2 protein chains.
Amino acid sequence: MQRQSSLFGKTNKEAKEFESLNATLLTKAGFIHQEMAGVYSYLPLGKLVLDKIENLVREEMLKISNEINMPSLASKELWSTTGRIDSVDVLMKTIGANAKSYERNNVEYILNPTHEEVITPLAKEYIVSYKHFPFALFQIQTKFRNEARAKSGLLRGREFRMKDLYSFHTSIEDLKEYYEKVKKSYFIIFEKLGLKEYTVLVKASGGDFTNDYSDEFQVLCKNGEDIIYYDDKTNTYYNKEVASKDILHNGKNASEAGNIFILKDKFTKAFDYTYQTKDNKKGDIYMGCYGIGTSRVMGIIAENFNDNSGLIWPESISPYNIHLITYGKIKDSDIDKIKKIVEKKNKTILWDDRVDISMGEKLKDSDLIGISKRIILSEKSIQSGGVEIKERNKDKSNIIAIENIDKYI
Amino acid sequence: MQRQSSLFGKTNKEAKEFESLNATLLTKAGFIHQEMAGVYSYLPLGKLVLDKIENLVREEMLKISNEINMPSLASKELWSTTGRIDSVDVLMKTIGANAKSYERNNVEYILNPTHEEVITPLAKEYIVSYKHFPFALFQIQTKFRNEARAKSGLLRGREFRMKDLYSFHTSIEDLKEYYEKVKKSYFIIFEKLGLKEYTVLVKASGGDFTNDYSDEFQVLCKNGEDIIYYDDKTNTYYNKEVASKDILHNGKNASEAGNIFILKDKFTKAFDYTYQTKDNKKGDIYMGCYGIGTSRVMGIIAENFNDNSGLIWPESISPYNIHLITYGKIKDSDIDKIKKIVEKKNKTILWDDRVDISMGEKLKDSDLIGISKRIILSEKSIQSGGVEIKERNKDKSNIIAIENIDKYI
C-alpha cells in the first residue's frame, strides 16, 4: 500500500499544456515529466504503468522467443556494413571526447534506433547448424532516434522504449509461419492492453525486401500522426504508401503501436551469415523483425482513455488496482481491514492519506490519476454502513460493508 | 520450465579468453557476449541473473524511496550549469546529424553517466515546501562512461547498469540520518546477494563537499581494480586517497560495488533549489547520492563464485533454481512429476533435454553454467530408486525418490 502523501510527482491541474493530449494529461496527473522535446522522465505512477505494459508484452513474447538485452551503443563498423550509417537520417552518433573536428573517423559510437545491425552478427556467432533453426530473440529496451519533430508526447520520442523481436529461418515458408504466430501474439497483447476495439491491422509496403505487404498494428487515435485508409470493398485498412486513390477520402488518424516485417535476407547477406545444411552446404537465412513501442502504447492509451476530468486506465495497466481515499476521522483498524482484503487478492492500493486537503480536491486528483476502482472511507461512509464505491467512470456510487469489498475488487 | 535445447547462448568451453576472469567465465557459460570493449549483450541466462540482482536491489530501495526512470539523454545546458560538461572526462556526447564541425554548439546531448544534473531541477519543479521534506528517489538504469581502459569485463563498462538513489533534506542532521538508513539497506542487499563475507565498508574522501569521509562498499575480489588498506588498530578499511602511510603494506584488491555520498548543497546551489520554510523563508537543501553498480555486481559475483569447471551461483540470483538433467530413455510422466513439485514451490527449472550429447558433456556444461541445485533423471537413477541429486559444488551425490524432491528444493 503506497501512501499518496509520500508519492513523488504531485498532480497539478495547472501544469503546462502541451501540443499533444497525452503529454498534457500524463503531466497534469504526475506520470511523466518532459525533460526536452521527445525526452521524458517517468515519475513513480508513470514508471508503474510502463512496467505493467512491458511485463504484459514480455509474458507473451516469452511464449515464442528468448529474452536478451543488447546494448544501446554500437560500433560504426556495424552500421557501415549495411550502409545505414548514411541512409538513416535519425541516427544519433557520439563523438570522441577529444575530437577536434567532425569527421567520420571521430564518430565513436552509434546509438541504436533498432538492432538488426547488432543481432545479426550476434546470432551468427552462436547458431550456424540447421539443427538449431528456427530461433527468435527479443528485448525490451531504450532506443534513440533524432526525430526532426518531436511534439506528440509519448507518441514520438527521441528517446523511447521498445520491444523488438527478431526471428531467423532457413526458408521463407518457415518465416511466414512464424510471422503469423507473432501476428496472433500481437492481437492477444493489444486485447490485454484494453486496445482491442481500437486496433486495426494495416497493409503497408514491404519496403525493399519483399513484394508482399508488411503489417502495421495501428491504433485509432485522434492525435495519431499516421493516416490510414479503409477500403470497404475488401474490408481492409491501407497506409498512405499503398492505399489506392479511390479510398483516400476515407482517412482516419492512428498511431503505429506495432509492426511486423519480413526482412528476407537483407541483413544476413550483409553480414555474410549462412547456415550449414543437413548435407553440409551453405544455406541462406531469412529474417523477420517485429516491434512494439511500449512507451508509445502508454501515450496511445492516455489519448484514448480519458474524459474532461483526466485519465481512465484499463485495469490491466492501471498504476494501482485500487485508489483508497480516506477523509476525516477514521479508524486505523478499518484501513487495515481493507488493506488485508485487497492484498490477499494480490492487488495493489494507492492510499490518499493526505490530511490537509478537502474531499473535493481528493476526488479531483483521483479523477486526474485515473485509477478506475475507487473506495472511499469517511465518517459519512461508515455511518452509512461501510465504504463508498465510486468508480472513476461512473456517476453513481454505492455503499457496501468493508467485509464485502472482496467481491468488488 | 525452459528447455535447454531452445535456449539461445550455447556454452562454449573453447570461447575466447578475456583479460578478466568474469568476462571469460560468463562468456564460456553463455551469459554475456562482448560487443566492444566495455560493452556487452546479456544473453538469456545473463539477462535472468541481471534481472534477479536488480529486483533484489529494487525490493530494498522501495522500502526507503520512490522509483522513477530518468532518460539517458540530457541537455548540455544542465551539464554546463554545474560545469561538469568540461570537468568529467568520461562524458559521452552526441553531435547533431548535420554538424560539420565539432564545436560546443554542435553538441546536442549528453549521455548521463550519473543523474544529479537531471534530478535536481526535476525535484525543484515538484517539491518546494518544508512539508514535503525529506524525500528520496531512485532508478535502475543504463549509464554511459567513456572509460579510457575497459578491460575488466563487467567490472568496468562503457555502457553499464546502475541503481542510483538521491535524497533531499532540509538539514545536514536529517541527511546523515537517512545516510545511515541507506547504509543498513546496503548491508541487507549485499547479504542477500550472497556477498556478506566479501563486503567491507571503506572510508574514502568526501570530495569537495564535506570534511567527513564518504563510504564505499567494496567487495574483496582478486581482479578488482581498487586497492583497499586495512588498519588493524582501528579495524577499518581505507582507500588510497585517505589511507595513512603506515598501512600501505596491507593492501587488498577489491571492486567498488556501491557507494554512499554526502553531496551537501553542491547541486541544489548550482540549480538555485531552495525550499520554503515554515515561516516562509528560503532554506538550503542538502543532498545525498547512493549508487550500486548492478552489472558490476554480476561481474563481482562471477569473480568470487567459481571453480576450475565454471560458475557457482548463490541461490538468490541463480538464473534458474534447479538444473534438471535428463539422459537416455525416461518417462514423460516422471518429468511432469518433477516439474509440478518444483513449480508448486515457485521455483524455476532449466531442463537439459538435449538428446544428441553424452551425460559427461551435459555435466560439463552444467558445471560451466553453475546452477547449484541439480537433479539428474536417467534410466540408471530410476533403477536406483529415483533421481540423483548432484549439487554443483559437492563431489558426493545421492539418490532420492521423485516424491521426496520437495525437501531438497
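**Note on the two-chain model**

1. A:Ile95 stands opposite B:Lys93 in strand E6 of chain B. That pairing belongs to a contact between strand E6 (residues 92–95) of chain A and its counterpart E6(B), joined by 3 bridges and running antiparallel.

2. The model is predicted. It scores ipTM 0.95 and pTM 0.96. For chain A the mean pLDDT is 93, with 96% of residues at 70 or more. Where pLDDT is low, the predicted coordinates should not be read in detail.

3. How is chain B superposed on chain A? A rotation of 180° does it, with 0.0 Å of shift along the axis and an RMSD of 0.0 Å. This is the relation of a two-fold axis. B:Thr94 is the residue of chain B that comes closest to the rotation axis, its C-alpha lying at 2.1 Å.

4. The interface puts 45 residues of chain B in contact with 45 residues of chain A. On the chain B side, the elements giving two or more residues include helix H2 (44–61), helix H5 (116–126), strand E6 (92–95) and strand E8 (135–144). The residues of that side divide into 24 nonpolar, 12 polar and 9 charged. Because 100% of the interface residues of chain B are also interface residues in chain A, the copies meet through the same surface.

5. Two peptide bonds deserve a check. The bond from A:Phe133 to A:Pro134 is cis, with omega near -10°, and A:Pro134 sits in the loop between helix H5 (116–126) and strand E8 (135–144) of chain A. In chain B, a cis bond joins B:Phe133 and B:Pro134, with omega about -10°; B:Pro134 is in the loop between H5 and E8 of chain B. Most residues other than glycine have a negative phi, and most peptide bonds are trans.

6. Positive phi values also occur. A:Asn235, not a glycine, has phi near 55° and lies in the loop between strand E12 (226–231) and strand E13 (236–239) of chain A. A:Asn235 counts as exposed because it has 7 C-beta neighbours inside 10 Å. B:Asn346, likewise not a glycine, has a positive phi of about 60°. The place of B:Asn346 is the loop between helix H9 (332–344) and strand E21 (349–352) of chain B, and with 7 C-beta neighbours inside 10 Å it counts as exposed.

7. Is A:Lys331 buried or exposed? It has 10 C-beta neighbours inside 10 Å and so counts as exposed. A:Lys331 belongs to the loop between strand E20 (322–327) and helix H9 (332–344) of chain A. Its C-alpha is separated by 67 Å from that of A:Tyr130, 201 residues apart along the chain.

Methods. Residues are numbered from 1 along each chain as its sequence is written. Chains are lettered from A and ligands numbered from 1 in the order in which they are written. This is a predicted model: local features need pLDDT of at least 70, side-chain atom pairs count only at pLDDT 80 or more; totals for chains, interfaces and linings use all residues. Copies are superposed by least squares on the C-alpha atoms of residues with pLDDT of at least 70 in both. Two residues are in contact if their C-beta atoms, placed from the backbone, lie within 7 Å. Helices (H or I, at least four residues) and strands (E, at least two) are DSSP runs, numbered from the N terminus. A residue is buried if 20 or more other C-beta atoms lie within 10 Å of its own, exposed if 12 or fewer, and partly exposed in between; C-beta atoms are placed from the backbone. pLDDT is the predictor's confidence in each residue, from 0 to 100. Ala, Val, Leu, Ile, Met, Phe, Trp, Tyr, Cys and Pro count as nonpolar, Asp, Glu, Lys and Arg as charged, and the others, Gly among them, as polar. Two strands pair if DSSP finds at least two bridges between them.
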